[in-house]
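Work through these exercises with the model open. Each task is followed by a solution in steps.

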Amino acid sequence: MTDPAKVRRHAERVRELVASVVRSQIKDPRLGMITITDARITADLRDATVFYTVLGDAAAQAGTAAALESAKGMLRSTVGKALGLRHSPTLTFVLDDVQDQVKHIDDLLAAARSADAEVQRIAAGAQYAGEAQPYRLDEDDEAGAEDTEDTEDTEDAEADNPPAGGERR
């Protein structure tokens, strides 16, 4: 098996090479404002997947995909020569939809914030359903506890001082 660090280095090198070639050597008018975001290569170094984003609408994305597909051979030979591998990796281009996912997550976070604000607004005017103190406090129990302590002290004092007359209890 190939070392994972080596695979990572090759993937980074593939990303840099493809970005450089797209910027400088491809003169296809269908190529839009493209950014190469990531590249992943298999452990056997035979297949590479290159992720890209395109600034623009669906037509610009489709045109860029077609331009990359037509330039795939030139890109593969350039990458193969630069990496110096026995087999040049096959390139697959995938449109990276990070921006759509980011927008979706931002929308979800905004909905959560508004729901939290609504809950806070409702909770601000809320009152207890029952009494403010839900547990019963028996004043008799507290007084009884004090009486018990007093009786124990009295019994201890009587045990220390036996009654006159020598009688024991």
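**Exercise 1.** Find what covers the buried residues of α2.

*Solution.* This is a predicted model. Start with the buried residues of α2: Gly 63, Thr 64, Ala 67 and Leu 68. Next, look at where they point. They lie on the same side of α2, because they cover an arc of only 135 degrees around the axis. Now look at what lies over them. The cover includes α1, β1, β2, α3 and β3. Finally, turn to the face directed away from the buried side. That face carries the exposed residues Ala 58 and Ala 59.

**Exercise 2.** Compare the span of α2 with the expected one.

*Solution.* Count the residues: α2 has 13. Go from the first C-alpha to the last: α2 reaches 18 Å. At 1.5 Å a residue, 18 Å is expected, and the span of α2 is close to that.

**Exercise 3.** Describe the largest nonpolar core and say which elements supply it.

*Solution.* The core has 26 residues. Val 14, Val 18, Val 22, Leu 68, Leu 75 and Phe 93 have the most contacts inside it. At least two core residues come from each of α1, β1, β2, α2, α3 and β3. The largest share, 7 residues, is from α1. Now take Leu 75. Leaving out residues up to four places away in sequence, Leu 75 touches Val 18, Val 21, Val 22, Ile 26, Leu 68, Leu 91 and Phe 93.

**Exercise 4.** Is Thr 53 buried or exposed?

*Solution.* Locate Thr 53 in strand β2. Its relative accessible area is 16%. Buried means under 20%, so Thr 53 is buried. Beyond its neighbours within four places in sequence, Thr 53 contacts Met 33, Ile 34, Thr 35, Thr 37, Leu 95 and Asp 96.

Definitions and conventions:
Residues numbered from 1 in each chain as written. Predicted model: local features only at pLDDT ≥ 70, side-chain atom pairs only at ≥ 80, totals over all residues. Heavy atoms only, no water. Core = buried A, V, L, I, M, F, W, Y, C linked by side-chain atoms within 4.5 Å. Buried < 20%, exposed > 50% of the residue type's maximum accessible area, 1.4 Å probe, protein only. Helix = DSSP H or I, 4+ residues; strand = E, 2+ residues; numbered from the N terminus. Contact = heavy atoms within 4.5 Å. Expected span 1.5 Å × (residues − 1). Arc of directions from axis to C-beta.
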